[in-house]
Amino acid sequence: MPPAGGGAGALPTCLSFFSDLMPDVQTDAAAAPGTPRAGAPMRVWRLYYRLIAGHRGAFWLAMAFLLAGIVGHLVFVVAAGRLVDSTLDALGFGISADRGREPIGIDEMGVFLLLTMVVTLVCVFIDMRGFIVLGERAAARLRSDLFTHLIQLPMAFFESTRVGELSSRLLADVALLQETWTNDLRTFVKNAMMLLGGVGLLFLLSVKLGGLVLLTVPPIVLVSVWSGSRIRRESAEVQERLSHSSTIVEEVLTAIRTVKTFANEGHEARRFGASMEAFLRPALRVAGHRAAYVCLIMLVLFASIIGLMWFGSRQIASRHLTPGDFTGFMSALVLAATAGGLLAELVARFQRMSGATERILSLLEEATEDGGQAGAGSAAMAVIPEGRLVGRIGFDGVSFRYPTRTEAVVLREFDLRIDPGERVALVGPSGAGKSTVAALLFRLFDPESGRVEIGDRDARDYPLGWLRGQMALVPQEVLLFGGSIAENIAYGRPGAGREEVVAAARRANAMEFIDRLPDGLDTRVGDRGVQLSGGQRQRLAIARAILKDPAILVLDEATSSLDPENERLVQEALEELMRGRTTLVIAHRLRTVRACDRIVVMRDGRVIESGRHEELLAAGGAYRNLCEAEKTAGGFD
Ligand code: ADP
């Protein structure tokens, strides 16, 4: 509730209003990094309004209650003033009768004030709760929109962005916006309305006094803006001198060895002392100016208030205004000035918020994988093909460089054809480009030139999600998500039933160890659960792939070797998985590739040899060399 009493309380709040117009050096500096753009606060708003799309009814309801609460405030202010008239009427001054009003008793006024307050508070409760709930909703929606969008961005984005940094910055930005939406937005609307309502009330109570208030605003604003800009200029000079002295500190401390060997401590201390002197002079001058400017503003302000009080008293004396209405008038003035002060503060805050909004919006505007950038083929063909993918693969003169390392050509005119059901192993020294071939197959990246064909079409012609759904990767390092083993297997095909999960685990030779775990399939794995061995994790990955039932399979062979028993179990599981599927093995050890239909040897992003194990050995080329190197070194990767 605002203070109902007269002009004295108005001073500090009015001062705060005008001192807000006079930018403070420090807050200004703090605002600088977010370099506010014109209309920035509108972006904060617009984003909010978009995010509460499903709850706009609640928003406008909260707005209505906010408005009602403000009307309640204003009524309270007038009524509190009228209580003064009731008192004077009771003393026999006949104040109300002068203005042709029916006198109201003190008790009735008291009850009315109490009722007004209760109704106002109910409105405040409803609108405040509404705005907080909406702000929380908007922030939650923003978080999930951001996350959903983020994981759909192309690999190139993740290659070039430090994701950890990005996610923590985003969380901080959202937290900032959340605070704005739950609190500041309401305060802003409330004060804007309060300012309008307050000024309206001034005129309602006395047109002449209201006009007088408006007349005093321009000189006060002018003096504030003028002195504000002068102080800012002078403070900039002080800052500059201060930074000069910090340069000395930095300089001397980095060269402290030299300073000491020359025994120049005294000299440096004097130099620093002189720079402090140079800093102090303008700083002291600014101190004087600052105080003078504040006094000047206060002078203008006091003069206005005295003018108002003098004119008001004359109006009362000439019976053109009741003392009660004058009291109400002064209270409304306080209300309006306070609201104005808070508004100025909030606008500055909104501008600071604009940096956070910009960052969030720019992330939301990044094109997703299927949104054009990555799917640069005939993306119009987004119709999901019927049936299963034919497991035919063709790389036609594919050249590729990673977007983050454009100086290195990773694949050069790379050609490879794999028929449905064929098992092909890619071998070659580390860095030859084997994993890159798999990445292109999954369309994590698209080739710079040439074509990747899958089935009977250009890989870019398929809807990305569908295409990846038809392929499976068994990676070197199996990452398990926190959750049960069953959930981890079902990751291959979310929504798979329990029996399907069990069947896949059995075919992957995984039931053998799962049955021995304390909770079987429901045992939790990962950070907070049991730790599984390499071979066990691999079998889970195979079970995942079996459940997915892909047409094309990519095995990125594990580099670390397993004990013979585990090796056998994994190998059997792989055999089961590969049956009837086109398989591309990225082989890091040659021992495992012998059974493949074809071995393709890569070097520097090209195919240099291709054939069956025996053929290649007999040819005595690169493959034979690799085999011999592996025999002596126990591995080449
Ligand atoms: P291989 O699987 O045969 O060991 P890769 O396909 O992993 O080879 O790597 C081929 C080349 O591409 C290497 O020179 C490697 O440094 C580079 N490379 C691999 N991944 C990336 C990446 N994400 N960003 C930049 N360069 C990469």
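The following questions and answers walk through a predicted model of one protein chain.

Biologist: How are the residues numbered, and which pLDDT values do local features and side-chain atom pairs need?

Modeller: Residues are numbered from 1 along each chain as its sequence is written, and side-chain values use heavy atoms, with hydrogens and water left out. Totals for chains, interfaces and linings use all residues of this predicted model, whereas side-chain atom pairs count only at pLDDT 80 or more and local features need pLDDT of at least 70.

Biologist: How many helices and strands does the chain have?

Modeller: Helices (H or I, at least four residues) and strands (E, at least two) are DSSP runs, numbered from the N terminus. On that basis, the chain has 21 helices and 12 strands.

Biologist: What percentage of the residues of the chain count as buried?

Modeller: A residue is buried under 20% relative accessible area, exposed over 50%, and partly exposed in between, with a 1.4 Å probe and protein chains only. Of the 637 residues of the chain, the part that counts as buried is 44%.

Biologist: What is the order of the six strands in the open sheet with mixed pairing?

Modeller: Two strands pair if DSSP finds at least two bridges between them. Strand 6 (471-474) and strand 12 (606-611) are the edge strands, each pairing on one side only, and the twist averages 20° from one strand to the next. Strand 3 (residues 423-427) runs parallel to strand 11 (residues 598-603), with four bridges between them, and the order of the whole sheet is 6-9-10-3-11-12.

Biologist: Which residues of strand 10 are buried on each of its two faces?

Modeller: In a regular strand the side chains alternate between the two faces of the sheet. In strand 10, five of its five residues are buried, and both faces are covered, with T582, L584 and I586 on one side and, on the other, T583 and V585.

Biologist: Which residue in strand 10 is the bridge partner of L555?

Modeller: Strands of a sheet pair through backbone hydrogen bonds, either parallel or antiparallel. Strand 9 and strand 10 pair in the parallel sense over five bridges, and strand 3 also runs parallel to strand 10, joined by four bridges. R423 stands opposite T583 in strand 10, while the partner of L555 is V585.

Biologist: Why is one side of strand 2 and of strand 5 left without a neighbour in the sheet?

Modeller: These strands belong to an open sheet of four strands with antiparallel pairing and the order 2-1-4-5. Strand 2 (409-418) and strand 5 (457-458) are left without a neighbour on one side because they stand at the edges, each with a single partner strand.

Biologist: At about what angle to strand 1 does helix 13 run?

Modeller: Strand 1 (residues 393-401) pairs with strand 2 in the antiparallel sense over six bridges, and G394 stands opposite R417 in strand 2. Axes are lines fitted to C-alpha atoms, for helices over the stretch in contact, and angles run from 0 to 180 degrees between N-to-C directions; contact means heavy atoms within 4.5 Å. Helix 13 (residues 434-441) lies across strand 1, strand 2 and strand 4 (449-454), and its angle to strand 1 is about 110°.

Biologist: What distance separates the C-alpha atoms of V217 and S304?

Modeller: V217 has its place in helix 9 (residues 207-254) and is partly exposed, with a relative accessible area of 33%. Along the chain V217 and S304 are 87 residues apart, yet their C-alpha atoms are separated by 9.0 Å.
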